[in-house]
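Look at the structure first.

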Amino acid sequence: MLKLEKCRISNGGFDLSADLCVSRGARVAVIGPSGAGKTTLIEAIAGFLPFAAGTLRWDGQDLGAMAPGKRPVAMLFQDGNLFPHLSVAQNVGLGIRADLRLDTQDTARVEQAVNRVGLDGMGDRKPAALSGGQQSRVALARVLVQGRDLLLLDEPFAALGPALKAEMLDLVADLIAETGATLMMVSHDPNDARRIADQVILVADGQAHAPVATAELLDNPPPALRAYLG
Ligand SMILES: Nc1ncnc2c1ncn2[C@@H]1O[C@H](COP(=O)(O)OP(=O)(O)OP(=O)(O)O)[C@@H](O)[C@H]1O
């Protein structure tokens, strides 16, 4: 279980408070108005922003003082962060070792992940030789080889068209079902939440609220969410 206890995160002059738990294996969408602090929340959990107060725990272990790379966390950004001069396999391999010194076992894991996201035979291509959807799959494969307990996705598929986005969300759902990972995904689209998330964290008015069942929240949105959903 991920537990944020009486947390306060400072991002420049912006403050976000959070006091909530996410159960192991949950699929949680993080939604709320623009600038409300969704990315701030995700980046603090990943270790890229410090906590000004409170404790962050995963299964009882305090993550607060742990460097980002040591946390049981893998993060996927909107642009996928692919390196254009590296091949698909190398981009995925970075998830295992930053210096890309991979042994036979590592290389097999990379190939397995590349195949699992549907890019069989494309390991030698450069990102420029892939479609937008295929590039998203490479980024997802890199997250997959990291084998972390908690996946943090920050609007990962916002640049894709609706059909492709739905396909990617379904792939993420399949992958986390296979691995048992816990998902927290920032999205601006309530349909994404309905498609993939069983719970929603609403970030609004300086606070990340405790997760609520997706349908319950979206069918009866509180005022801050209603204004945002329009
Ligand atoms: N480096 C920074 N210095 C000062 N303020 C910042 C910094 N980064 C973010 N902020 C502010 O923190 C607040 C929260 O930003 P954040 O990116 O977390 O919001 P968000 O909910 O993810 O927004 P969006 O949906 O538009 O991506 C915003 O008001 C933003 O202006």
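At roughly what angle do the axes of H4 and helix H5 cross, and within what distance do they come? The axes of H4 and H5 (residues 162-179) cross at roughly 15 degrees and come within 11 Å. That makes H4 roughly parallel to H5.

This is a predicted model: local features need pLDDT of at least 70, side-chain atom pairs count only at pLDDT 80 or more, and totals for chains, interfaces and linings use all residues. Residues are numbered from 1 along each chain as its sequence is written.

**Helix packing**

Helices (H or I, at least four residues) and strands (E, at least two) are DSSP runs, numbered from the N terminus. Axes are lines fitted to C-alpha atoms, for helices over the stretch in contact, and angles run from 0 to 180 degrees between N-to-C directions. Angles under 35 degrees count as roughly parallel, over 145 as roughly antiparallel, 65 to 115 as roughly perpendicular and the rest as oblique.

| Helix pair | Angle | Axis distance |
|---|---|---|
| H3 (residues 104-116) and H4 (residues 132-146) | about 135 degrees | 9 Å |
| H4 and H5 (residues 162-179) | roughly 15 degrees | within 11 Å |

H3 and H4 pack at about 135 degrees. That makes H3 oblique to H4. Contact here means C-beta atoms, placed from the backbone, within 7 Å. In H3, Arg109, Val110, Ala113, Val114 and Arg116 meet Ala141, Leu144 and Val145 of H4. The residues of this contact are six nonpolar, no polar and two charged. Nonpolar covers Ala, Val, Leu, Ile, Met, Phe, Trp, Tyr, Cys and Pro; charged covers Asp, Glu, Lys and Arg; the others, Gly among them, are polar.

On the H5 side, Leu164, Met168, Leu171, Val172 and Leu175 meet Gly133, Ser136, Leu140 and Leu144 of H4. This contact has seven nonpolar, two polar and no charged residues.

**Ligand shell**

Of the 13 residues around the ligand, Gly12, Phe14, Ser34, Thr39 and Thr40 come nearest. Helix H1 (residues 38-46) gives the most, with three residues. The shell divides into three nonpolar, nine polar and one charged.

**Positive phi**

Most residues other than glycine have a negative phi. Asp59 has a phi near 50 degrees. Asp59 lies in the loop between strands E4 (51-58) and E5 (61-62). Leu100 has a positive phi of about 60 degrees. Leu100 sits in the loop between helix H2 (88-93) and H3.

Notes:
Two residues are in contact if their C-beta atoms, placed from the backbone, lie within 7 Å. A residue is near a molecule or strand if its C-beta atom, placed from the backbone, lies within 6 Å of it.
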